[in-house]
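Let's take a walk through a protein together. Have the picture open while you read, and find each residue as it comes up.

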Amino acid sequence: MVFLVACTMHIMIDLLPKLEKRADGGDGGGCQCAHHPAGESQGWGKQQRTRSAAEAGWPNKHTLRILQDFSNEPSSNLTSHSLEKITAAGDGADTVARTRPSASGKAEDHKPLMGEASGGRTVHAHGVSRLSTLFEHPLYKVDLPPLTDDDTLFNVNTDMRFYPRATGNQGWHNEDGNQEEDEFPPTGEVTAESYPNWLRFHIGINRYELYGRHSHVLDALLKDLVTQSITSVAMKSGGTQLKLIMTFQNYGQALFKPMKQTREQQTPPDFFYFSDFERHNAEVAAFHLDRILDFRRVPPVAGRLVNMTREIRDVTRDKKLWRTFFISPANNVCFYGECSYYCSTEHALCGKPDQIEGSLAAFLPDLNLAKRKTWRNPWRRSYHKRKKAEWEVDPDYCDEVKQTPPYDRGTRLLDIMDMTIFDFLMGNMDRHHYETFEKFGNDTFIIHLDNGRGFGKHSHDELSILVPLSQCCRVRKSTYQRLQLLAKEEHQLSSLMEESLLRDRLSPVLIQPHLQAMDRRLRLVLQVLAGCIDKEGSVNVVEEDLVGDTATRRS
């Protein structure tokens, strides 16, 4: 029996490598992992799921190299199993619950996703959605320049055709229609619109954006993140805190950050930024904020309620992760994994009894297929308890940066200013590196990855985050205009965020003080820019965006 990657697309280079072949009954391509030790399986009692003899040990696996780097470190693009493998999808996979329990123990109503109807404080007095009104504004309706092959991450090869299989697996076919490495006959040709949504998301990435402003693929992908069956789980190596890589039945993958603290808990005042918790709700909120600002540089993120037993413990082939599961004195399922911080029994992640919240961030294309370059943030903090960074002691630091490539030309400096504003609005001090797609050179956007340390303090505005903006006094005109728009009462950033976040399954994602803090911080950003304009003049601060100029981000 040959299992192939479920979805590959018509591009000149394969987006996904084919899975390894495995002969029936053979062990040449099978997993070399040991079975669960008998002693370690004790204590689960009735919670242990009944398995067939074939499922008793670690499952056979097939290589699937689509593990991505969300830690901003180039060397950390691996899980604890560097060649992550998957089993055949659909063999009795549990369907993910689409409702979440309320405090009363009853399931809440289905929560609509990004493109669906919303409730609560989401409309004007006249019944019009604030988000719909915002996205109909001329500032949100400017077209991109015409895209060439050099402007798209992948180029479609129309000579290849793609057919589904009745079993749910799929295979490649050559231009003559002959089936390649597939035992089953084609059931009909599949168009690009029928590709899995994660693959359509990858195809749509271009020089100017991760996804289109009104993309239907975005809505569908967000739905997949919370409804697709989870078939494989592994720890992501690198980074300071536990993160899991989850593979879905459609072979898409996402980075899972589990809930570590409640919505109401603020970062303790004595915590250094580099030892703070990463918050799952911050990842969700950052995606929505990035979209409202019209940057569209954060990969799609959705909140999900995960069953720790069925959807993590029972499907993982990562023995290091599996061995950290235990039952707490309160009879809740817990695990802690392995990482640099907060991975111990004292910091275990416990369910109620085995349900846990988390954020799921869609993966970007594999680094082997779409290389990304990692850049050190010029305004990186010292990550030291006593030392200060150069920018903290030199008020003219930006003058030096502006003479250094790639900040001496193009729009990279303006992208840093966008990222600075984005980070300040959510209180994120942990922006040590950033990434770009290598194919587009220096004339492309910054990808806003790893936002889990945002929204830690609603009662404090960290003005040091705004130092790049106050030192350089530069901003893209479209960004400045949108900030002014979002400060107006009829739009109001906090109300837009509240409406947008109501569409996430984990709503409410942010408590009101965090929403109100964004309005306050937006006013502070505009005050800094007003001071810059008074000092240097508008023409020297607000830079025009040029239509069709690939060295600019938007028109």
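Which cysteine does a disulfide join to Cys 334? The partner is Cys 350, with an S to S distance of 2.0 Å.

## Before we go on

What you're looking at is a predicted model, where local features need pLDDT of at least 70, side-chain atom pairs count only at pLDDT 80 or more, and totals for chains, interfaces and linings use all residues. Residues are numbered from 1 along each chain as its sequence is written, and side-chain values use heavy atoms, leaving out hydrogens and water.

## The disulfides

A disulfide here is a pair of cysteine sulfur atoms within 2.5 Å, and the structure holds four of them. If you number the bonded cysteines in sequence order, the pairing reads 1-4, 2-3, 5-6, 7-8.

Back to our opening pair. Cys 334 sits in strand β11 (residues 333–335) and Cys 350 in strand β12 (residues 349–350), so this link joins distant parts of the chain, 16 residues apart. Strands (E, at least two residues) and helices (H or I, at least four) are DSSP runs, numbered from the N terminus. The link is right-handed, with 110 degrees about the S-S bond. Cys 334 is buried at 0% relative accessible area, while Cys 350 is partly exposed at 36%. Buried means under 20% relative accessible area, exposed over 50%, and partly exposed in between, using a 1.4 Å probe and protein chains only.

Another disulfide joins Cys 339 to Cys 343, S to S 1.9 Å. Cys 339 is partly exposed at 25%, and Cys 343 is buried at 17%. Then there's Cys 398 with Cys 472, S to S 1.9 Å. Its torsion about the S-S bond is about 110 degrees, so this disulfide is right-handed. Because Cys 398 lies in helix α8 (residues 397–401) and Cys 472 in helix α10 (residues 467–472), the pair ties together parts 74 residues apart in sequence.

## Sites from the record

An unreviewed UniProt entry lists several residues under "binding site", including Glu 278, Leu 364 and Asp 450. UniProt positions are given in the numbering used here, feature names are shortened, and annotations may be inferred rather than shown by experiment.

Is Glu 278 buried or exposed? It counts as buried, at 6% relative accessibility. You'll find Glu 278 in the loop between β8 (253–258) and α4 (280–292). Leaving aside neighbours within four places in sequence, its contacts (heavy atoms within 4.5 Å) include Gln 241, Lys 257 and Asp 450. Leu 364 is in the loop between β13 (355–362) and β14 (372–376), and counts as buried at 2%.

## Empty space inside

Rolling a probe the size of a water molecule over the atoms shows where empty space is left. A search of the whole structure finds nine cavities of 30 Å³ or more. On a 1 Å grid over the protein atoms alone, a cavity is a set of points where a 1.4 Å probe fits but cannot get out, and lining residues have an atom within 4 Å of a point.

The largest cavity has a volume of about 160 Å³. Of its 17 lining residues, those closest to the centre are Asn 377, Trp 379, Asp 423, Arg 431 and Ile 465. Helix α9 (residues 412–426) gives the largest share of the lining, four residues.

## An enclosed helix

Finally, look at helix α11 (residues 477–486). Seven of its ten residues are buried, so it is largely enclosed by the rest of the structure. Among the buried ones are Tyr 480, Arg 482 and Leu 486.

Key. On a 1 Å grid over the protein atoms alone, a cavity is a set of points where a 1.4 Å probe fits but cannot get out, and a pocket is an open set with protein on both sides within 12 Å along at least five of seven lines; lining residues have an atom within 4 Å of a point. Grid points are joined across faces, edges and corners, and a volume is the space filled by probe spheres set on the points.
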